[in-house]
Amino acid sequence: MPDSPEQRPSNNTLEIADIEKRVDEWVSSKKGTEQMLAAREAARDAAEKVLSDAEVQPEQLHKTVNL
Amino acid sequence: MSTYEVESYSISTLGQLLDRYSYRGAGYSQGKSHLSYFDDYLTAIGARTIVIEHPYTDRDYLEDYVAYYARCHASYDRRCARLHFFSAQFEKDAIERMLEAHEATLDQFRSSYLGFMVVRPLPSTVIGRTCLVTYGNIGRDRAFPSAGIYKANLLGVPLAVCSLPFQEQDTDVAACATSALWSVFNATGRLFQHSIPSPAEITKASAASQRPANRTLPAFNGLSAAQMADGIRSVGLEPSYVGVANLDLLLVGATAYLRAGIPALLLGEIIEAIPGSPQLSRGHHAIALAGFSLPKGPARAFTGTNGTLFSATSIIRLYAHDDQVGPFSRIVVHAGAAHPLLTSWPDKNKTRGHVYFRPEILLVPLYHKIRVPVQSIISIVVSLDEWLEPARLAGIIQLKQRIEWDVGLIEIAQLKAFIHGDKDIIPDFRARALRDDMPRYLWQIDASCDGVRRFSILLDATDLLQGGNVVGVLPYDKNACLAVAALARNPAVSNYIKSTGNRGLETIVKWFADNAAQL
């Protein structure tokens with residue numbers, strides 16, 4: 001995907017300590033905890049769906065392709 | 001002595017030539033849908049002149065001749081004709097000037113060369129090995145990563161074309177599955193250095209351990225996916241299946257392999273749905289996916305209304321070698337439609353626009369060391385995205401839009417060349433990546449937002465399935481990477497992520513946590 005120089009994000013604007021503080025506040029809040037729990041379920045479900053959708057059933061392998 | 005003739009290109013001339021060099025001159029070309037497809041294609045690439053070379057010995061046809069046609073009572077010829085196509089207009093005297101090595105004429109031949117088509121001396125299935133230039137990119141961005149350089153020599157003049165070979169199926173020695181395998185092997189042979197078997201050899205190798213219901217040759221019974229997989233094993237590659245009834249999985253999976261130049265076989269059902277007529281299944285078919293339109297516009301949510309955004313879901317066309325249609329035939333993608341893949345097949349009324357492909361299996365021929373399949377990578381990405389999106393919505397990751405992901409297999413030399421040329425990677429990490437000892441094949445996962453790349457994750461494609469081994473990350477956006485690192489370093493978040501049970505996800509976030517100080 002082509003990136004133009006003017007679109008480049010500016011670096012050096014945030015310190016990790018500031019972000020870590022925000023993460024702490026978020027995760028320790030009731031809403032943050034709920035979001036983490038929901039994210040865990042969503043992450044598991046999404047990954048499982050991909051793997052189950054990608055499965056090929058044995059009977060599909062023996063269907064003849066003949067056009 | 002071979003003869004060389006020159007004709008102006010037209011559909012009727014092409015039809016006459018196909019007939020003339022078929023068995024006893026009765027090629028039935030006018031009744032075949034291929035002729036109109038080739039006319040559309042050759043017109044689109046600007047064909048104006050045909051040079052006819054006859055006789056011409058074609059290796060693939062000769063192998064099939066020895067294996068099958070030679071034992072027929074009828075005296076099928078063992079030699080073919082070859083039609084060379086040019087975008088320049090010239091007359092027969094150009095051949096004389098070419099013999100005299102007239103420099104301007106040689107330049108004209110070389111610069112206007114569009115490729116060739118072998119005409120087999122058979123009664124009906126006359127279109128043999130065909131290498132034509134791909135569609136141009138004017139006005140549309142298309143990618144044909146599986147194409148390579150194919151050389152032809154005309155009167156001592158070397159000519160070259162960037163293409164992927166195509167041939168029409170011969171129902172005697174090859175069914176559609178064989179033709180698709182043959183096209184795919186032409187690309188994988190170049191990539192992984194294996195010999196390229198002829199269609200008859202492919203049919204026999206595919207049916208060697210799992211016998212078809214009827215006889216092997218004539219090959220009118222076709223092949224199953226399991227037999228095609230045996231055909232892939234016969235050239236020393238490993239077949240990898242992906243179920244692709246899910247359109248998004250097809251688009252993301254096929255393009256991920258195509259980016260490394262590996263064309264995949266797409267197997268599915270051909271459906272004819274003419275408005276006002278009952279829907280009809282025409283049977284099962286196999287095609288070789290050879291290219292795609294570059295993703296443009298907004299990505300769709302993967303497999304749902306609130307899912308991960310993959311760039312590949314905005315692809316609007318796939319290009320396939322479909323032996324019932326022609327080379328690089330268009331498959332138009334209409335996501336959300338009842339039949340999302342519109343083929344270039346004509347319907348029973350000889351009209352295009354009503355025949356669809358219902359995808360079932362993507363069969364990918366892989367070098368044995370490419371062990372981690374694309375579905376494992378996609379499952380890691382969707383899982384990661386489900387963690388990052390709430391953090392973005394909570395303002396931790398300060399991006400205005402949801403992250404858009406792009407997945408592709410890449411060979412180390414290609415990757416290092418890309419890194420070398422990309423000065424937007426945070427400098428220390430760029431230098432480190434160039435020095436890093438990396439595996440031969442990697443999965444590259446690009447994370448972008450607002451059309452700007454924020455980071456690229458590199459996973460070892462040759463690793464153990466249980467490994468989830470991150471080779472590294474190429475950081476572009478320091479703030480976004482620091483935010484992921486801060487998330488990963490938080491003990492509570494880290495425990496939540498670990499409890500997801502996704503090893504790939506864990507190792508990715510660990511990389512951010514471990515490298516936060518250097519960002």
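Select A:V65 and B:L223: A:V65 stands opposite B:L223, which lies in β9(B). β1(A) and β9 (residues 223-224) of chain B run antiparallel and are joined by two bridges. Two strands count as paired if DSSP finds at least two bridges between them; strands (E, at least two residues) and helices (H or I, at least four) are DSSP runs, numbered from the N terminus.

This is a predicted model, in which local features need pLDDT of at least 70, side-chain atom pairs count only at pLDDT 80 or more, and totals for chains, interfaces and linings use all residues. Residues are numbered from 1 along each chain as its sequence is written, while chains are lettered from A and ligands numbered from 1 in the order in which they are written. The model scores ipTM 0.92 and pTM 0.95. For chain B the average pLDDT (the predictor's confidence in each residue, from 0 to 100) is 94, and 98% of the residues score at least 70.

Next, select the whole contact between the chains. Chain A contributes 42 residues and chain B 61 residues, where contact means C-beta atoms, placed from the backbone, within 7 Å. On the side of chain A that touches chain B, the elements giving two or more residues are α1 (16-28), α2 (30-53), α3 (58-61) and β1 (64-65) of chain A. α2(A) gives the most, with 14 residues. By class, this side of chain A has 21 nonpolar, ten polar and eleven charged residues. Ala, Val, Leu, Ile, Met, Phe, Trp, Tyr, Cys and Pro count as nonpolar, Asp, Glu, Lys and Arg as charged, and the others, Gly among them, as polar.

Move to chain B and select residues 59-67 and 199-206. These are helices α3 and α7 of chain B, which pack at about 60 degrees with their axes 7 Å apart. Axes are lines fitted to C-alpha atoms, for helices over the stretch in contact, and angles run from 0 to 180 degrees between N-to-C directions. α3(B) and α7(B) are therefore oblique to each other: angles under 35 degrees count as roughly parallel, over 145 as roughly antiparallel, 65 to 115 as roughly perpendicular and the rest as oblique. Here B:D60, B:E63, B:D64 and B:A67 of α3(B) meet B:P199, B:A200 and B:E201 of α7(B). Three residues of this contact are nonpolar, none polar and four charged.

Last, colour the open five-stranded sheet of chain B, ordered β13-β18-β19-β20-β21 with mixed pairing. β13 (309-310) and β21 (470-475) of chain B each have a single partner strand, so one side of each is left without a neighbour in the sheet.

Terms used. Contact = placed C-beta atoms within 7 Å.
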